[in-house]
Amino acid sequence: MPDNQDKYDLSFFDITGNCNLRCPFCINDWSTISGNVPVSEKTFGKILTLLPLLNSFYLSCYFEPTIHPDFSSIIKMIPDEHRKKVLFTTNLSRKLSDDVIEGLSNSGFNYINISLDSLNPQVFESLRKGARFDVFYDNLRCLTDAFSANPNAPPLRYITILNRHNVDEIPKLIEDCATNYLSTMNELRTFVPMPHINKDWIKDNEITEDRRNTLWETLYEFPHKWMYVDYGKKSEYDEFFDSLEDPKKKKIYFLPPFTGLRISSEGIVELTHMGIESKYDINKMDDPYGMFKEILALHHLDVERAGEIKNLHCEKLSIMKEKDSVIDNITSEKNAAIRQRDDSICNLTNERNALTEEKHTLTAEKDGLTDELATVKATYFYMLSQKDMAGVWRKFRHSAGKLLFKNNPKLKNHIKKTLRIGK
Ligand SMILES: C[S@@+](CC[C@H](N)C(=O)[O-])C[C@H]1O[C@@H](n2cnc3c(N)ncnc32)[C@H](O)[C@@H]1O
Ligand code: SF4
């Protein structure tokens, strides 16, 4: 596999499954989330085996990591050689123990994001519902004091949700963070107006584009590092997708071509590039690394094969077109030329079949694989085949999936039952 294909493009992980706060703009719809299963050392140990397959490793994406009861033991478990990939975001609103602060200071992590919407206690507490400014501020002081005394401590970044109640404070906030709280970057963002967020709250907190532009003008000459992330703005991929008119193409490109894993604190791993339910329990796997490496390899093999097959199709088509354009009264010389071309069409077709077989062999081959891995492989192909997507690539997955099941009806039933797939 080429170097840039030996890792998942994206990964999301949380060591917990809940939060100590209830911010009114939170991306999470708390009415659908209950309980909290902090990652256990056993599960975390398994998740850590995936590190060689990941470009970055988040300890939190959706939830709050500092509420983990064994946060400092969790940090210690991460192997030294992968610490540079590690990062997380925290609300810093739960009292941190000295042990945790020391652990973070010596962690060797890539960086730590601190959410900070205001240094005005009243505004802070209205935006970070459930937090106490004095607790946050005490944590901030202790953390930055420890980090200042340690030249190897990870860089700190700050994330601020821009809104009507803090917009006037932003220049001072960035300045304070840089001068007093070791900020290497202040990220400003507008909140994503998720459907579950209270509409009155949105009305009361939205800021106009004009107000934002005035802010940029003030910040433009600023000596401190800051950036604006507009989550409401469409990505290049979104624009490309929107431009597609053919519904078949929409189906093909429904998912962006990034491979990704989302891992919950319970150890459930989802393939985000599948777009269909694809959840695997890492706790039940003997060799999670082998399994997810294999899935990655299969994905890239698919892409490579799809490219090769497409090229062969194109060559075949252009030869056929040439043949069609030959006029009626052809000489025997021309006939011979056509025969030769027919041979090459034949060769191309055989070659294509050989590719297909090779792919089937690779997919069906079970030698040296655990049953578990064979199941995952089969599920992968089977579920893709269920998506009814057009295109050569999808069709090949479909036939590969079918072949596996033909050889193993028990497996087919088992997977259908597990995934509750009807037919
Ligand atoms: C989901 S939180 C999880 C980490 C931690 N609980 C925290 O708030 O720092 C990650 C980051 O997303 C931000 N965030 C939450 N809801 C958001 C929204 N609707 N739009 C944009 N950013 C949001 C938070 O302010 C935080 O900086
Ligand atoms: S602290 Fe983070 S996860 Fe918790 S409610 Fe606020 S934004 Fe959401």
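Where is Asp 138 found?

1. Overall content. This is a predicted model. The protein has 15 helices and 10 strands. Of its 423 residues, 26% are buried. Contacts between residues at least 6 apart in sequence are joined, in 78% of cases, by residues at least 24 apart.

2. Strand S3 and its partners. Strand S3 covers residues 86-90. S3 is largely enclosed by the rest of the structure, because 4 of its 5 residues are buried. Strand S2 (residues 57-58) pairs with S3 in the parallel sense, over 2 bridges, and Tyr 58 stands opposite Leu 87 of S3. The unit made by S2, helix H2 (residues 71-77) and S3 is a right-handed β-α-β unit. S3 is also joined to strand S4 (residues 111-115), by 4 bridges, and these two run parallel. Thr 90 has Ile 114 in S4 as its bridge partner. The path from S3 to S4 goes through H3, and this β-α-β crossover is right-handed.

3. S5 and strand S6 (residues 183-190) run parallel and are joined by 7 bridges. Within this pair, Ile 159 stands opposite Glu 187 of S6. The chain passes from S5 to S6 through helix H6 (residues 170-180), in a right-handed β-α-β crossover. On to the next pairing: S6 and strand S7 (residues 226-229) run parallel, with 4 bridges between them. Arg 189 stands opposite Val 229 in S7.

4. The open sheet. An open sheet is formed by 4 strands in the order S1-S8-S9-S10, with mixed pairing. Strand S1 (10-13) and strand S10 (279-281) are its edge strands, each pairing on one side only. Direction ignored, neighbouring strands of this sheet are turned against each other by 20° on average. Strand S9 (residues 268-271) and S10 run antiparallel and are joined by 3 bridges; the partner of Val 269 in S10 is Tyr 280.

5. Which residues come nearest to ligand 1? Of the 19 residues around it, they are Ile 27, Ser 115, Ile 159, Phe 191 and Val 192. Ile 159 is also the residue that stands opposite Glu 187 in S6. Strand S3 and strand S5 (156-162) each supply at least two residues of this shell. By class, the shell has 12 nonpolar, 5 polar and 2 charged residues.

6. Surroundings of ligand 2. The residues around ligand 2 are Cys 19, Leu 21, Arg 22, Cys 23, Cys 26, Asn 28, Phe 63, Glu 64 and Asn 91. By class, 5 of them are nonpolar, 2 polar and 2 charged. Trp 30 lies in the loop between S1 and helix H1 (41-48). Is Trp 30 buried or exposed? Trp 30 counts as exposed because it has 12 C-beta neighbours inside 10 Å, and a residue is exposed at 12 or fewer.

7. Asp 138 and Leu 92. Asp 138 is in helix H5 (residues 133-148). Asp 138 has 14 C-beta neighbours inside 10 Å and therefore counts as partly exposed. From C-alpha to C-alpha, Asp 138 and Leu 92 are 9.5 Å apart in space, and they are 46 residues apart in sequence. Leu 92 is in the loop between S3 and helix H3 (98-105). With 23 C-beta neighbours inside 10 Å, Leu 92 counts as buried.

8. Positive phi values. Leu 92 has a phi near 55°, a positive value in a residue other than glycine. Leu 182 is not a glycine either, and its phi is positive, at about 55°. The place of Leu 182 is in the loop between H6 and S6. Why does Leu 182 count as buried? Leu 182 has 20 other C-beta atoms within 10 Å, and a residue is buried at 20 or more.

Technical notes. Residues are numbered from 1 along each chain as its sequence is written. Chains are lettered from A and ligands numbered from 1 in the order in which they are written. This is a predicted model: local features need pLDDT of at least 70, side-chain atom pairs count only at pLDDT 80 or more; totals for chains, interfaces and linings use all residues. A residue is near a molecule or strand if its C-beta atom, placed from the backbone, lies within 6 Å of it. Ala, Val, Leu, Ile, Met, Phe, Trp, Tyr, Cys and Pro count as nonpolar, Asp, Glu, Lys and Arg as charged, and the others, Gly among them, as polar. Two strands pair if DSSP finds at least two bridges between them. Axes are lines fitted to C-alpha atoms, for helices over the stretch in contact, and angles run from 0 to 180 degrees between N-to-C directions. A crossover is right-handed if, with the strands pointing away from the viewer, the path from the first strand over the helix to the second runs clockwise. Two residues are in contact if their C-beta atoms, placed from the backbone, lie within 7 Å.
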